[in-house]
Every structure is written in structure tokens, then in C-alpha cells.
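Subject: Structure handover and findings

Dear colleague,

Please find below the structure that I am handing over to you. A written account of the findings comes after it.

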Amino acid sequence: GMYFYNVNSNTRGIIVFYARGTVSFELVSSPSNLKYLRSSSDLIGAVVSWEKPRENAIKARQGDLAATCRRVRSKLLALKRIGALHNFDADTFEKSQRSDGALAKAIAAHEQKSGLGKQILGASIRLKSYVGEKSSITVSKMRHGGGQLPPPRLGRNQVIFALLGCFLSLITLSAINERIKYHSGDDLSILLGPLGALVTCHYGLTSAPASQPRNSVLSIIFTSTLAQASTEIPTDILPVWVRMPLVASIGIACTLAMGLAHPPAGAVAIIFAKGDRRWHDMGLLLFAYVEAIFFAMVFINMHESKTFPMYWGVRNPREWFCPKSEKSTN
């Protein structure tokens, strides 16, 4: 049997070759024959993998044709309702068919001959046609999606490893939080909510950019500082219910612009923008982040096939908002 796997269509299988019972096993297993069987398996696997993308391509073309037919029908109905089909000269209409924007020119020519009522009617019909077309496309995208397959499930060993990593990391943070609360008389505490999202990134999405220490630390510093500083604005100028989504949106957009995408940073921005947190809460959260990252580095790197972090590099701050243009080498 020869295994095959096609990355594009995510198709895999085993090609089974049969031989006579009297065949020499040494001849079948010779390097030249194994290369031939390997090439044959790749060819058969390619044919099998080709079938599903071909069906998807046919369905996509059929969907495009159906959408085009709906657009043509709606535009013909629009012309019919405003009476443009009756007033056009055949030669003029045929010439407009050959040029771009035939419908817009046809309706514009008719509106010049009509009164204000006809113009309003034509505009409303065009608006209705546009909204209907966009709604149809949006609903179609929502129903069919992008055609991608869902990610595979983790194996049992990986799940157990992630379970242990999350538990040990969070129980350590929880114990530290209890000691801080005890010695401060419950005046200080660590925000544990974003840390739950952080360990999910560490042990579930280890190689993702959002899980790396560079993104985690820098994005948390930026969004929490921005949110805490925004609380200095009086609420009669910037109400809390406006400040929370505004600051979170600005923080997320800025971290994306700097290449520091980190989902928990958006949650941190909302929490601190609410106004019931203080500057030392930000310091405690940053301390907990560093502790969780250090623990993840030690625990994950003990696994023989895992590495964390994937990179440390921090770009020049000038490149965060103004990336260098790549010079073409001739």
C-alpha cells in the first residue's frame, strides 16, 4: 500500500497494489519498482483529489450564473417599471448595449424626458435593486462560507498536555493572587479573566502570532495604558458607554497596525476603560502575563515536538506604522 495526501483538497488515502502470489518479493520491493509504485500512487491520488475541487468549481460557476441572471432580471424589471423599454429607440438601445453602464445610461436618458416624479421612481427602483443584489450576495456568503474545511481535532496526548499546562499555569497564578490579596487586605488582586484567554493561546494555538510573547506583552501594555488614560476624560464629555467601545476599537486597530494582534488585549481595553480599575491593576496584570509566559516557555519546551516561543524579534518602532517597502532586486 502507498499513502497519498493532497494539501489543496485535503484528500488522503492509501493505494493498494495487488500482485500474484508467486511473485518475488525482492523484485516487487526493488528501488526501481518502488519508485514506479510511488509515482503511480501520486497519479491516482491526484485524480481522486481532483474530483472534489472540480465539483466545487462547477457549483461556483452555477452560482455565478444564477446571480447574474437575478441581476439581469432585476434590472429589466426596473426598466420595465419606469417605462424605459417603451421609449427607447432601437438603434440607441443597441448602441448602449455595447458600452459599459448600459442600464445607467438608459435610465439617465429616460429621466431627462420625464418629470421629477419619474426621477424619484427611477432612483427608488435602482436603490431597491442595489439593496436586493447586495443582500443576496451577503446571504449567499453567510450560507456557503469560504469553502474551507474546519481544522482537525487535537490528538488525545495533545489534549492532555494542554489540560495540564492550562491547569498548572492558572493554579500558579491563582495561588499568587491569593497571597497578594491576603497581604494587601483584599485591596489588590490580579485580573484573572484575560489570563484564561492567554493560556488558551499558549497551549491551544502555540505557533500562532497572537500567542507569542512579543504580541502578548506589547499589546497588553498599549491597550491597558490607553484605556486607563482615557478614564481621565470627564464622563460628561465622553460617557462610559461610549468610551468603552471607542477605546477598545482604537486599541485593537492600533495593535493590528503595529503587527501586535492579541485577542485578550481587546478585552483588557474594555475592562480598564470602564473606570473601576487603577494603574497598579495594570502593573499586576503585566506581572501575571510575564509569569504565565515564563511558565509556558518552560512547560511547552519540555515537550519533544513543541517549541515556544516561535520568535522573539521586535521590529524597529519606525517600521510599526511605516513599513519599509521591499526593494526589487534586478
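This is a predicted model: local features need pLDDT of at least 70, side-chain atom pairs count only at pLDDT 80 or more; totals for chains, interfaces and linings use all residues.

Residues are numbered from 1 along each chain as its sequence is written, and side-chain values use heavy atoms, with hydrogens and water left out.

The protein chain contains 13 helices and 2 strands (DSSP runs numbered from the N terminus: helices are H or I with at least four residues, strands are E with at least two). Of its 330 residues, 28% count as buried (under 20% relative accessible area, with exposed over 50% and partly exposed in between; 1.4 Å probe, protein chains only). Among the contacts (heavy atoms within 4.5 Å) with a separation of 6 or more, 71% join residues 24 or more positions apart.

The largest pocket has a volume of about 1000 Å³. A pocket here is an open set of points on a 1 Å grid over the protein atoms alone, where a 1.4 Å probe fits, with protein on both sides within 12 Å along at least five of seven lines; lining residues have an atom within 4 Å of a point. The volume is the space filled by probe spheres set on the points, which are joined across faces, edges and corners. Of the 28 lining residues, Asn56, Ala60, His144, Gly145 and Gly147 are the closest to the centre. Helix H2 (31–81) and helix H6 (116–144) each give two or more residues to the lining, and H2 gives the most, with 12 residues.

The structure holds 3 aromatic pairs (rings of Phe, Tyr and Trp, the last by its six-membered ring, with centres within 6.5 Å; planes under 30 degrees apart count as stacked, over 60 as edge-to-face and the rest as tilted). The rings of Tyr203 and Phe299 have centres 6.0 Å apart and planes at 75°, so this pair is edge-to-face. Tyr203 belongs to helix H8 (residues 193–204) and Phe299 to helix H12 (residues 279–300), so that the pair links parts of the chain 96 residues apart. For Phe295 and Phe299, the centres are 6.1 Å apart and the planes at 10°, so this pair is stacked. Phe161, Tyr203, Phe295 and Phe299 form one aromatic cluster.

Yours sincerely
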